[in-house]
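Thanks for coming. I have one structure to go through, and I will take it a piece at a time.

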Amino acid sequence: MHGCRSCASLRRSVMITCPGRHLPLVQLHAKKGEKGSDSELKADKDGVSDESKVDSGVPEVPVPPDDTPEVLNKALSGLSSRWKNWWVRGILTLAMISFFFFIIYLGPMVLMMIVLCVQIKCFHEIITIGYNVYHSYDLPWFRTLSWYFLLCVNYFFYGETVTDYFFTLVQREEPLRILSKYHRFISFALYLTGFCMFVLSLVKKHYRLQFYMFGWTHVTLLIVVTQSHLIIHNLFEGMIWFIVPISCVICNDIMAYMFGFFFGRTPLIKLSPKKTWEGFIGGLFATIVFGIMLSYVMAGYRYFVCPVEFNNDSNRFQVDCEPSELFQLQEYSLPGVLESVTGWTTVHLYPFQIHSIALSSFASIVGPFGGFFASGFKRAFKIKDFANTIPGHGGIMDRFDCQYIMATFVNVYIASFIRGPNPSKVVQQLLALRSDQQLYIFNSLKAHLTEKGLLRAAEAAA
């Protein structure tokens, strides 16, 4: 009898101590009235991952209230939440596209200001998330320093852009010339001031958190400000390099949503449960067709294809030039397969249309990963959207998460396959040199052209 009791006790102790037998331990604790609840038991049965335990320590950002206009709420009150969201997103999308067309009509300089406004708003949304998560610590100077660093980085990037693209204007104005000459030193001095202010703001017991938020600010600057600066560069190369990529991302977002809404059955990625393979593939083909058609329409207008330049005579920024071969119709022979289907042997296309296939393909295949990255970020902090700026869409960052990675690709694509040295910029830089430096370059260039036979020795001597 005593042996049986000892065996039962031994079995019970084994069940408690054995790492592979957690369930009996929980049940035993429950019977004894110790800590543990039915929900904890269910969690153990379902195999909750360690990641959820780690994330449980992250403060949740308050969910912003629904800011859908009351007019839309009343008009769509009889619809289900699924269709109500569909109509709200659709109406606001059409409104945003109309506003985008209006901004294009106003010209490249207004577009540049809009890009700056969008950049500031995206930065504000991300920094606000960080502040809402950790505001209880009352970190000194956190928001002030964040905005100060934003100002410093924008001063550096926009100063570089002005000097690079509008060199004649800079050299003509004395204050601008001085700022341009010492631009990088001034930028570094401004940043160094912010760095020293951050060090002085360090508070005991919060060092780790303050350095974490310092990194938060700088990563936000890298993602938002740096890439919005590349958007400005693309714009100055010609509005077509700005409009087509942005429009391809918008088209892919809309068409992937439409295909997924009506035909979506197969989940695409766990980070975005609503994304489906049907929407991904449908958006890909629709975006490629859209990109080719939009490029054909825009390539015929100088307003869209010419770089933005400053005219010294009129003291104005202008968009006027002789279009390059990239925007002149060329005749192409069709492959045999397409010839048998269409019955055409040749087609007339702008070379830019071929490049638009690469742009639209990237917008459809790689561009969505910008959205997946944003989804992972939002899941990490248990929020649905970055903000509630646009009803049915979330914040501005929710609409531009794919645009930034697209802007980087376009800038790299132009530098790698399109843009060559700009003769006018080279001449402008030569004119800024000293007289002895100009003579040295002149003699070196003359000797080089004579050696290649492009300039006869007699002419060179004369």
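When I say helix, I mean a DSSP run of H or I with at least four residues, numbered from the N terminus. One caution before the details: this is a predicted model.

I'll begin with helix H21. It is followed by Gly-453, whose phi is positive, near 85 degrees. H21 itself covers residues 435-451, which is 17 residues.

Next, helix H6, residues 81-106, and in particular Ile-104, which lies in it. Is Ile-104 buried or exposed? Its relative accessible area is 7%, and the cut-off for buried is under 20%, so Ile-104 is buried. What does Ile-104 touch, once neighbours within four places in sequence are set aside? The contacts are Leu-111, Met-239, Ile-243, Tyr-303 and Phe-304. Take Phe-304 from that list: 200 residues separate it from Ile-104 in sequence, while the C-alpha to C-alpha distance is 9.6 Å.

H6 also takes part in a surface feature. Trp-83, Trp-87, Ile-91, Phe-262 and Phe-263 make up a nonpolar patch there, and together they have about 490 Å² of accessible area. Which helices supply it? H6 and helix H13, residues 239-263, each give at least two residues. The largest share, three residues, is from H6. As a general point, an α-helix has 3.6 residues a turn, so residues three or four places apart point the same way.

On the H13 side, I'd pick out Phe-263, which lies in that helix. Its relative accessible area is 51%. The line for exposed is over 50%, so Phe-263 counts as exposed.

Now the strands. E1, residues 267-269, and E2, residues 272-276, run antiparallel and are joined by two bridges. Which residue of E2 is the bridge partner of Ile-269? That is Ser-272.

Last, helix H19, residues 396-418, where Asn-411 is found. Asn-411 has a relative accessibility of 15%, and therefore counts as buried. Leaving out residues up to four places away in sequence, Asn-411 touches Leu-230, His-233 and Asn-234.

That is what I have. I can go back to any of these on the screen.

Technical notes. Residues numbered from 1 in each chain as written. Predicted model: local features only at pLDDT ≥ 70, side-chain atom pairs only at ≥ 80, totals over all residues. Heavy atoms only, no water. Expected span 1.5 Å × (residues − 1). Buried < 20%, exposed > 50% of the residue type's maximum accessible area, 1.4 Å probe, protein only. Contact = heavy atoms within 4.5 Å. Patch = residues over 30% accessible without salt bridge, like charges linked within 9 Å, V, L, I, M, F, W, Y side chains within 5 Å. Areas by Shrake-Rupley, 256 points an atom, 1.4 Å probe, with all protein chains shown as cover. Salt bridge = Lys/Arg side-chain N within 4 Å of Asp/Glu carboxyl O. Pairing = 2+ DSSP bridges.
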